[in-house]
Amino acid sequence: MKTIKQVWDWFEHRLELRDSIWPVMRHPVPAALAKPVGWMYVFGSMTLTLLMLQIVTGVCLAMIYQPTAADAYASLEYLNYEAPFGWLLRAIHYWSATGMVVMLMVHMTQVFLMGAFKYPRELTWIVGVGLLTTTLVLAFTGQVLRYDGDSYWGVSVAVSAAGRVPFAGPSIVHLILGGEYIGSETLSRFFTLHVFILPGLLIGLLVVHLYLVVKRGISEPPTPGQPVDKATYGEEYEKLLEKGIPFFPHALYRDGVACAVAVLIVVGLAVIFGPKGPGEIPDPTLIHAEPRPDWYFLPVFAMAALSPPSMETFLMLGLPVIGILALVAVPFVAGSGERSARRRPVAVLVVLVTFVTLLILGWYGATSPWSPDMEAWSSTPVPAGIVEKLSPLELQGAVVFQNKCCRNCHALEGAGGKRGPDLTEVGIRMNPEAMVRQVVQGGGNMPAYAQQMNSAEVTALVAFLVKLRPAGIPPAAVPSAAAESLVAAPAETP
Ligand code: HEC
């Protein structure tokens, strides 16, 4: 006992925690937090706990994961099936990421409805928006590291969004992919983002967030009819704290209980449902898997799937930016006044509309036919009427068309996938130059086939595509400038 005390004193003499950490632990919080309403204040800590779980499991996973196109998939299989408890690590990492996103949304909703973002806690909220954004980007990059069919399509969609940024688009795409195609360079970039840059950013923002939480004090539970007045709030809050209770142990114990529950639920889900994926081996020509992002991106996915091509750029690029700006604007628009949700019908309505919209979009995202028609390539042949008139080279092209699964997204005479335009008459609206471009470079949610086809195959394929037009109508001979705009926004009619 005596030595323990001596060791303790040795450290205490140097660290002096008693006058730094201890006062923070004992800082007064509103007395009302000792009542059951105190349970509303645990969600932030739950998110934080899950983040720590992410860091611990993530560090372990990073020791085994191989961020290269050749080995990523195998290293995940190794984790799943061979490394002791590797599957559990992956499962916890996945479920705890899910939990983090859920708890973040719950935490934000609570803060919003209880008006805790109002004066003087605006900056805490804004930093929180940064935390939300960073967490979502982390989740996305993590999903890419799974490097299966889904993640491949995820990057394709993200890249096609980035490619639409005015002027800088192509450079951004190059920066994200580390080249022209999705491959090892892409994976090591996402790995660096996921394990160094974003966690660093997240922890940095978190320090500021927590500093502000302690510095500005925990908000008192709102009372209807007691609006925040910037002139008097500080004084009133001071007075409230005079009758306050110390954070530790009165408020902290609830956090402790809630965090333990969060960890138990996450571990329980991980044990019951196991790790997620990896699904199909990534290959743009093998799209048997229905590509779907992880659930929290389903609403975004649904918008990309359902929106008409003319709206896609706006929805993919504009909406996230507008969403973030709207969240940042919240404390400036409603920084004072009533805090109680009972006196803020508009705020309640905003929450309801937001969640209903997300739910509906999520539901569409989970069920909509964005995904290529998986049966098409194996069961639907190129219509006989088309094949009959073809030369040997064009026939060769028809075979390429079939083998490269173009039918999964493109219909011929109405049969086939619906993701891309029906190609029955593509010969009259696109010239060969634009076709080569479209196939080799992809774009607009179509994968780039450059690495999957040699030039002979491309030549044959284009010869076949040119033939896809009604008899007697000459092929399109659009000059290349016009062809470019065609590739960007395919016309429905010639
Ligand atoms: C994952 C789905 C998908 C696959 C697979 C796919 N495409 Fe596409 N394709 C699209 C989409 C989506 C567009 C529309 C692009 C745009 O809006 O810019 C498109 C556009 C095109 C166009 C331009 C059509 C027009 O009318 O403007 C051609 C030609 C084309 N694809 C050929 C092919 C060929 C050939 C293959 C097989 C090697 C193929 N596609 C595979 C999704 C796909």
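This is a predicted model: local features need pLDDT of at least 70, side-chain atom pairs count only at pLDDT 80 or more; totals for chains, interfaces and linings use all residues.

Trainee: What are the helix and strand percentages over residues 251-274, and how far apart are the end C-alpha atoms?
Mentor: Helices (H or I, at least four residues) and strands (E, at least two) are DSSP runs, numbered from the N terminus. Residues 251-274 are 96% helix and 0% strand, with the end C-alpha atoms 34 Å apart. Residues 92-113 are 100% helix and 0% strand, and their end C-alpha atoms lie 31 Å apart. Both spans are among those that an unreviewed UniProt entry lists as "transmembrane region". UniProt positions are given in the numbering used here, feature names are shortened, and annotations may be inferred rather than shown by experiment.

Trainee: At what angle do helix 3 and helix 5 pack, and how far apart are their axes?
Mentor: Two packed helices are described by the angle between their axes and the distance between the axes. Axes are lines fitted to C-alpha atoms, for helices over the stretch in contact, and angles run from 0 to 180 degrees between N-to-C directions. Helix 3 (residues 43-64) and helix 5 (residues 86-113) pack at about 155°, their axes 8 Å apart. Helix 3 is therefore roughly antiparallel to helix 5; angles under 35 degrees count as roughly parallel, over 145 as roughly antiparallel, 65 to 115 as roughly perpendicular and the rest as oblique. The crossing of helix 3 and helix 5 is left-handed, meaning that the near helix is turned anticlockwise from the far one by less than a right angle, whereas clockwise gives a right-handed crossing.

Trainee: Which peptide bonds are cis?
Mentor: Most residues other than glycine have a negative phi, and most peptide bonds are trans. A cis bond joins tyrosine 119 and proline 120, with omega about 0°. Proline 120 is placed in the loop between helix 5 and helix 6 (122-145). Another cis bond links phenylalanine 248 to proline 249, with omega about 5°, and proline 249 is found in helix 11 (residues 247-273).

Trainee: What is the phi of glutamate 16, and is this residue buried or exposed?
Mentor: A residue is buried if 20 or more other C-beta atoms lie within 10 Å of its own, exposed if 12 or fewer, and partly exposed in between; C-beta atoms are placed from the backbone. Glutamate 16 has a positive phi of about 50° and is exposed, with 11 other C-beta atoms within 10 Å. Glutamate 16 is in the loop between helix 1 (2-15) and helix 2 (21-25). Phenylalanine 85 also has a positive phi, near 60°, and lies in the loop between helix 4 (72-81) and helix 5. Phenylalanine 85 counts as exposed, having 11 C-beta neighbours inside 10 Å.

Trainee: Which residues of helix 18 are buried?
Mentor: In helix 18 (residues 432-441), the buried residues are Ala434, Met435, Gln438 and Val439. Seen down the axis of helix 18, they fall within an arc of 130°, so they line one face of the helix; the arc is that of the directions from the helix axis to the C-beta atoms.

Methods:
Residues are numbered from 1 along each chain as its sequence is written.
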